[in-house]
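Hi,

Here's the structure I promised to pass on.

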Amino acid sequence: MNGTVKNIFSACVAFAMVVAALQADAAQFVNIGTGPTGGTYYPVGAGIAKIWNESIPGMRASAQASGGTRNNIQLMQSGEAQAIFADGLHYDAYNGLDSYKGSPKKFMRAIAPLYPEAVHIVARKDAGIKTLMDLNGKRISVGAVGGSVEFTADSLFKNSGIDVSGIKKEYLGHSESVAALQDKQIDAAITVGAIGISSVVEPMTLGIVELIDIPDDVVKKMIKATPYFAPLTIPAGSYRGQTRDVKTFSSPNILAVDEKLDEETVYRMTKALFEHKKELVTISARMSMMDPKFVKDIKIPLHAGAARYYKEIGATK
């Protein structure tokens, strides 16, 4: 190799290294806070990460299992998550209400409405629990540590007249709750998730639990105290062995991002979600409810990039 060729070769190598370095610098890392592995958030989050990685140049997205909404908000605040799944608790967090009083989380911005999550109460058939009030004094799973299920459970106990101090709380994720019900280590579990969530499907299919109604008057109190809740009926037949409709309430959920993400990136993220919706529905049928028409129901600000997308497709003005 003569000197001229060597120089050209060296220059090409140097140029390639510079390009690679610039590309590395331009990479956009997005960690998605999801939920426990037995729920819906985690597999859907993994699907979203795959879509973003394949659709957006420079995107490096990954899904992280977590304790759910409350934990996700903490992860975003600490900079460990740039996108999160969030149930209705995001409304309180953003506005500094209730458990977030004096500490509003104004860094959150919505990018997509997802689907309503039902509050399920499953009780072991041999635990003597037939009504909501029968939970008094029982051993109950209230979700993983750091999750928002405990907040919902405590509010439910308060509005139904149950003494929270008499409840023996167990902080278990979805799959752990199922195992504890099977082993009779807990009497009941409160789960917040879309109808058809695996942590309810499994024990109902095994025939070891039954769903407990939440009375209308208690549902009304919950909605009065927490505006983002709404009445919901779990139709008979939604789970194996469920022969009647079950009254409860639901919480809407959204996909949110950190306000620090730039507009163009979030525009592409939002667009990719809807252009690849079928892939997400394949992962979970409940993602069929992700629809731009519901963006008007979101009660916290949209990220500028998401707002641009919805305006572009005519979903907003």
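Which helix and strands each supply at least two residues of the lining of the largest pocket? They are helix H4 (89–95), strand E4 (108–124) and strand E10 (246–258). Of these, E4 gives the most, with 4 residues. Before you go further, bear in mind that this is a predicted model.

That largest pocket holds about 320 Å³ of space. It has 16 lining residues, and the closest to its centre are Pro113, Pro252, Asn253, Phe294 and Asp297. By class, the lining splits into 11 nonpolar, 3 polar and 2 charged residues.

The second largest pocket comes to about 220 Å³. Its main contributor is helix H5 (residues 149–160), which gives 5 residues to the lining. Among the residues lining this pocket are Asp92, Asp98, Phe151, Asp154, Lys158 and Thr226. Here the class count is 3 nonpolar, 3 polar and 4 charged.

Now the interior. In soluble globular proteins, nonpolar side chains tend to be buried together. In this model, the largest nonpolar core has 79 residues, and Trp52 and Leu273 touch the most other members. E4 turns up again, with the largest share of this core at 9 residues. A second, separate core has 15 residues, including Ala118, Ala189, Leu211 and Ile234.

And what does Leu273 touch, leaving out residues up to four places away in sequence? The list is Ile48, Trp52, Ile111, Ala112, Leu255, Leu280 and Met290.

Cheers

Methods. Residues numbered from 1 in each chain as written. Predicted model: local features only at pLDDT ≥ 70, side-chain atom pairs only at ≥ 80, totals over all residues. Heavy atoms only, no water. 1 Å grid on protein atoms, 1.4 Å probe; cavity = no way out; pocket = protein on both sides within 12 Å on 5 of 7 lines; lining within 4 Å. Points joined across faces, edges and corners; volume = space filled by probe spheres on them. Nonpolar A, V, L, I, M, F, W, Y, C, P; charged D, E, K, R; others polar. Core = buried A, V, L, I, M, F, W, Y, C linked by side-chain atoms within 4.5 Å. Buried < 20%, exposed > 50% of the residue type's maximum accessible area, 1.4 Å probe, protein only. Contact = heavy atoms within 4.5 Å.
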